[in-house]
Amino acid sequence: MSDPKILVALDYNDKNQALALVEQLTPKLCGLKVGKEMFTLFGPEFVKELVAKDYNVFLDLKFHDIPNTVAKACQAAADLGVWMVNVHASGGRVMMEKAREAIQKCDNKPMLIAVTMLTSMDEHAFSELGYERDLAAQVSLLAKMTLDSGLDGVVCSSWEAERLKQECGSQFRLVTPGIRPEGSDKGDQSRIMTPAEALKAGSDFLVIGRPITKADDPYQSLCDISDSIVSHL
Ligand SMILES: O=C(O)c1cc(=O)[nH]c(=O)n1[C@@H]1O[C@H](COP(=O)(O)O)[C@@H](O)[C@H]1O
């Protein structure tokens, strides 16, 4: 079975609510993303529970620390049986290389992805950080460093996907949040694309939260999104 393109973001503070949603979905059509909130509340046991239900789990903890600490954290994540983990590219080349080496030594080898610049970062917030390049150039620089460090890809906005595929090659995986099916509420996301547009732009995995988790019928919403991308697979 090939990896599902849709990763449902489980942003809940209630484990039973999250599990009730998971029961309605199917690993045939989606993977699940567990982030800092759920991991802090419910820990590794929750992650293992999802893995045991045969879901591809993206453990989205965005590690950013000294190389040795990040390497150990990635190894611990891999040992939970997850399918994808991530680090911050701004932690630097050595940190990413050590993370890669640590995962290669594990029995389970999750995909290793880096965050370039968060999609919540606008030009103003970016300029306050004092970088000399503009935001797009900084994203490109970090993506290329991620590629050189041997990682599998980056989290980015779908608006950056086309450029990053050209710069980093077709095998470099792009994981894109900010996805909104036609007609659904934008919420706090600003630079959005529909699932089909994002895949066409070069995205490999679509991170989708509220359009599925807050839908009256989450399974139907997942099926509708899945149907909308069939011709782009
Ligand atoms: O790392 C992420 O997943 C992420 C990075 C980013 O730059 N922007 C972003 O929205 N996300 C996550 O993607 C998910 C999007 O959820 P919805 O906006 O509800 O579809 C949330 O879990 C966000 O935390």
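This is a predicted model: local features need pLDDT of at least 70, side-chain atom pairs count only at pLDDT 80 or more; totals for chains, interfaces and linings use all residues.
Residues are numbered from 1 along each chain as its sequence is written. Local features need pLDDT of at least 70, and side-chain atom pairs count only at pLDDT 80 or more, whereas totals for chains, interfaces and linings use all residues.

**Exercise 1.** State what pLDDT the chain averages.

*Solution.* pLDDT is the predictor's confidence in each residue, from 0 to 100. The chain averages 95, and 100% of the residues score at least 70. For the complex, the predictor gives an ipTM of 0.97 and a pTM of 0.96.

**Exercise 2.** Determine how many helices and strands the chain has.

*Solution.* Helices (H or I, at least four residues) and strands (E, at least two) are DSSP runs, numbered from the N terminus. The chain has ten helices and eight strands.

**Exercise 3.** Describe the packing of helix 3 and helix 4.

*Solution.* First, the angle between helix 3 (residues 67–79) and helix 4 (residues 93–104) is about 35°, and their axes are 8 Å apart. Axes are lines fitted to C-alpha atoms over the stretch in contact, and angles run from 0 to 180 degrees between N-to-C directions.

**Exercise 4.** Identify which residues come nearest to the ligand.

*Solution.* A residue counts as near if its C-beta atom, placed from the backbone, lies within 6 Å of the molecule. Of the 15 residues around the ligand, Ala 9, Thr 119, Pro 177, Gly 209 and Arg 210 come nearest.
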